[in-house]
Structures are given as C-alpha cells and as structure tokens.
Amino acid sequence: MLNPFERRVAICGSMSAYANMVTLSRLLLREGVHCILPASEDSIHASLSQSEYQEFKRRVSFSYLTKIRDPRTFALLAVNMDKHGIDDYIGANTFAEIAVAFAQRKRVYLLQDIPEGYEDELVAWKVVALNGHLDGLVRDYRNSVKEAGLQTALFDI
C-alpha cells in the first residue's frame, strides 16, 4: 500500500504486452521504483458480451486515467512492444494515457523507441525513449523521491 506521499510509476501498454508490464513492474520494484498496473482483461473478455465488455473497458479506462492523474504518480511508462508488424507500437488507448500524463505534467517514458506515426507529438511533449534500458527512469524516479523527501523535511522544521 502506498502512503499519500509515495511516488509511483504508472505502466501502460497494449494488453497483449501485459506479461511484459508485470515483469517490468517487478524489475522496477527491485530498484525501489513503485509501480501500478492496469487491470488485466484476459480472463474477463471471453466471459462478457460485446456491450458488457465495452462498459467494462470504459470503467477500467476511466479508473486508470484517474490513477495516472493522481499526484502520487510521478511518471508513465508506456510498454510499446512491436505488434502487428509495427515497430514500437502504441495503440489508441496507450496514446490517450500518454496524452493525459502529458496534460498533467507527468514525465512520460517509452520502453522502446518513438514510433514514426507519433513522432511529432511525442518529441514536442518531451517523451523519453528508453530503448529497452530502464536506468534513466530509475535515476529520475530516485531523484524525484529525494526532492520530495527534502520538501517534506522542510515542513518538519
């Protein structure tokens, strides 16, 4: 359970990359980076009608966008794995999550590189392409936690 002042990274991406998201959250936690993940859709999708699934998708999308907007959320990590023959794939929902994070002045990281189709926007929004290396995100997170700790310490004086 996160305390109200604890920083976290929200992870997002195509549900086909959900196993990668879980693995990344575990790797980051070992580095001291707290993460949140979207709800998995695998088991529920098959049991719902199309309209029930759309309602489910609407609820979980709204809920996760709220978590991205939360002040405790330091950054968004988009897991943009290659998909459908497209390098560094970003789907519509992931792009929406990136846009919300940008609008909330959150840092945004891509696990891989910036896809061609979104290059203008993502470069202008200062999205960081990690090219598979998490060190930059981990360093930025640790620095952010230190800054938050110093600011909190000032209130204790």
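Which residues does Leu-77 touch, not counting residues up to four places away in sequence? Keep that in mind as you open the structure, which is a predicted model.

**Stop 1: Leu-77 and its surroundings**

Select Leu-77 and show its neighbours. Leaving aside residues up to four places away in sequence, Leu-77 touches Val-9, Ala-10, Ile-11, Cys-12, Leu-28, Tyr-109, Leu-110, Leu-111, Leu-130, Leu-134 and Leu-137.

Together with Leu-77, they have the most contacts inside the largest nonpolar core, a group of 20 residues. Colour strand 1, helix 1 (18–30), strand 3 (73–79) and helix 6 (135–155), as each gives two or more residues to this core. Helix 1 provides the largest share, with 5 residues. In soluble globular proteins, nonpolar side chains tend to be buried together.

Next, pick Cys-12, Ile-68, Ala-101 and Leu-122. They are among the 16 residues of a second, separate core.

**Stop 2: the largest pocket**

Turn to the largest pocket, which holds about 310 Å³ of space. To find its centre, select Gly-13, Met-15, Glu-41, Lys-57 and Asn-93, the closest to that point of the 21 lining residues.

Helix 3 gives the most, with 6 residues. If you colour the lining by class, you will find 9 nonpolar, 7 polar and 5 charged residues.

**Stop 3: aromatic rings**

Show the rings next; there are 5 aromatic pairs to look for. One of them is Tyr-53 with Phe-56, a tilted pair with 6.3 Å from centre to centre and 35° between the planes. Both sit in helix 3, and because they are 3 residues apart, about one helical turn separates them.

Now move to Phe-102 and Trp-125. Their ring centres are 4.7 Å apart and their planes meet at 10°, so this pair is stacked. Phe-102 lies in helix 4, while Trp-125 is in the loop between helix 5 (119–124) and strand 5 (128–129), so the pair ties together parts 23 residues apart in sequence. Check the surface here: Phe-102 is partly exposed at 36% relative accessible area, and Trp-125 is partly exposed at 22%.

Notes: Residues numbered from 1 in each chain as written. Predicted model: local features only at pLDDT ≥ 70, side-chain atom pairs only at ≥ 80, totals over all residues. Heavy atoms only, no water. 1 Å grid on protein atoms, 1.4 Å probe; cavity = no way out; pocket = protein on both sides within 12 Å on 5 of 7 lines; lining within 4 Å. Points joined across faces, edges and corners; volume = space filled by probe spheres on them. Helix = DSSP H or I, 4+ residues; strand = E, 2+ residues; numbered from the N terminus. Nonpolar A, V, L, I, M, F, W, Y, C, P; charged D, E, K, R; others polar. Core = buried A, V, L, I, M, F, W, Y, C linked by side-chain atoms within 4.5 Å. Buried < 20%, exposed > 50% of the residue type's maximum accessible area, 1.4 Å probe, protein only. Contact = heavy atoms within 4.5 Å. Phe/Tyr/Trp six-rings, centres within 6.5 Å; stacked < 30°, edge-to-face > 60°.
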